[in-house]
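Subject: Structure handover

Hi,

Here is the structure for you to look over. My notes follow below it.

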Amino acid sequence: MATSPKNSGTAEDLMKLLDAAIGENDGNSRVTQFIDTGFAPLNEALSGRPDGGLPFGRMVEMFGESSSGKTALATEWMVQAQKMGGVAGFIDWERSFDVGLAEGFGLNSARPYWLYNKAETWESGNAWAGKACRAIRASKAIPDSAPILFVFDSIASAIPMSMLYDAKGVRREIDTFTMNDTSALSRVTSTTLKVMAQYCEEYNATFLYLNQIRLKIGVVFGDPRTTPGGKAMEYYATNRISLGREKIMLQSKGGKEFVGQNIKIEVTKSKLTKPFKKTELRMSFDEDGVARFDRDYSLVELMLEQKLLDSPSNGYVTWDGKRLSKRSMADLIGAETGLREKLVAMMFPENDDATA
């Protein structure tokens with residue numbers, strides 16, 4: 001009766017054979033760098049750490065209803081990427097980005113620190129971003145550790161090439177569109193985004209896709225909301241950020257006046273931490289009607305809600321033995337060095353090095 005031969009090789013022998021046959025293992029895909037969103041609770045919801053934020057080398061989708069702050073938030077994050085020594089870019093499928101307003105947020109609109117493209121099609125916008133990332137990293141003009149952030153606005157407004165041109169390359173007229181064109185965007189995202197995910201990692205870039213909300217017809221039970229572009233972004237995005245809004249009305253002599261809105265944020269997907277974490281960010285409007293995010297006021301409200309600050313009465317805070325209004329406390333955070341960091345450490349005691 002034949003017997004099985006005894007193992008004669010070693011793990012070291014196997015390693016040598018594998019190295020010769022397939023090479024070494026690829027590097028770890030763990031995210032170690034982030035673009036700070038400017039709001040520690042949102043950083044923590046996205047990445048599991050208050051000093052984190054938008055991940056380098058990954059795709060992120062942010063979607064919400066009209067005027068829920070998508071472009072304003074994206075603009076502030078582009079500014080932050082520039083402050084970190086990096087480059088920001090904007091692909092404007094909607095043809096609605098106001099560079100003048102963005103400069104008011106602090107955006108440096110000069111090339112090569114900011115790149116802008118009114119892409120004609122979904123394919124051309126994504127290809128343009130990929131070429132730009134390749135050129136930026138190849139130039140070595142910015143450190144490898146500096147961020148590249150490209151914002152795509154928005155998936156819902158992007159036109160697939162097959163919808164715009166026929167097989168001969170002739171631009172189609174609107175009256176030639178058919179039901180087949182309705183699903184064209186979903187089909188092209190499924191083929192394009194898998195390549196864009198590789199671009200993100202290869203060039204250590206962050207691609208932020210903005211999207212809108214649509215309602216499914218006939219849904220009685222469950223959430224009727226959906227996003228254009230099919231399911232591909234749900235699979236390839238490391239984070240998906242859902243935005244809602246609640247109006248802030250104040251009583252005035254002429255009745256109630258709209259002064260701002262609370263942006264309700266939910267991270268519905270995260271490959272970095274537990275999903276479905278929520279936070280809120282207050283958006284106010286200045287005298288010129290430009291939206292501004294009041295992060296310090298939002299921090300005060302969140303800490304009151306979590307009972308991390310003492311409140312002698314509604315609308316007031318007790319801090320350092322003094323009774324302050326929420327507005328005064330927020331102003332104090334902005335004025336007193338180190339106070340914001342101290343409060344963030346109170347919210348996230350497991351991370352003593354957290355920064356807002």
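Gln212 counts as partly exposed, at 22% relative accessibility. The classes are buried (under 20% relative accessible area), exposed (over 50%) and partly exposed in between, using a 1.4 Å probe and protein chains only. This is a predicted model: local features need pLDDT of at least 70, side-chain atom pairs count only at pLDDT 80 or more, and totals for chains, interfaces and linings use all residues. Residues are numbered from 1 along each chain as its sequence is written, and side-chain values use heavy atoms, with hydrogens and water left out.

Gln212 sits in the loop between strand S7 (206-211) and strand S8 (214-215). Helices (H or I, at least four residues) and strands (E, at least two) are DSSP runs, numbered from the N terminus. Not counting residues up to four places away in sequence, Gln212 touches Phe63, Gly64, Glu94, Ser154, Ala156, Ser157, Thr226, Thr227 and Pro228. Contact means heavy atoms within 4.5 Å. Gln306 is 94 residues from Gln212 along the chain, and their C-alpha atoms are separated by 31 Å.

**Cis peptides**

The peptide bond from Asp153 to Ser154 has omega near -10°. Ser154 is in the loop between strand S6 (148-153) and helix H6 (161-164). A cis peptide bond also joins Arg111 and Pro112, with omega about 5°. Pro112 is in the loop between helix H4 (99-104) and strand S5 (114-117).

**Positive phi**

Lys140 is not a glycine, yet its phi is positive, about 60°. Lys140 is in the loop between helix H5 (122-139) and S6. Lys140 is exposed, with a relative accessible area of 56%. Asp320 also has a positive phi, near 55°, in a residue other than glycine. Asp320 is placed in the loop between strand S14 (316-319) and strand S15 (322-325). Its relative accessible area is 67%, so Asp320 is exposed.

**Tyr236**

Tyr236 lies in helix H8 (residues 232-236). Tyr236 counts as partly exposed because its relative accessibility is 28%. Met59 is 177 residues away along the chain, but the C-alpha atoms of Tyr236 and Met59 are separated by 7.0 Å. Leaving aside neighbours within four places in sequence, Tyr236 is in contact with Met59, Leu193, Lys194, Ala197 and Lys269.

**Helix pair H9 and H11**

The axes of helix H9 (residues 295-305) and helix H11 (residues 339-347) come within 11 Å and cross at roughly 35°. From H9, the contact is made by Asp296, Leu299, Leu302 and Met303; from H11, by Arg340, Leu343, Val344, Met346 and Met347. Axes are lines fitted to C-alpha atoms, for helices over the stretch in contact, with angles from 0 to 180 degrees between N-to-C directions.

**Whole chain**

The protein chain has 11 helices and 15 strands. Its C-alpha atoms fill a box of roughly 90 × 65 × 50 Å, taken along the principal axes. Buried residues make up 44% of the 356 residues. Among contacts with a separation of 6 or more, 63% are between residues 24 or more positions apart. The accessible surface comes to about 19400 Å², of which 51% belongs to carbon and sulfur atoms. Those areas come from the Shrake-Rupley method with a 1.4 Å probe; for residues, only the protein chains shown count as cover.

Best wishes
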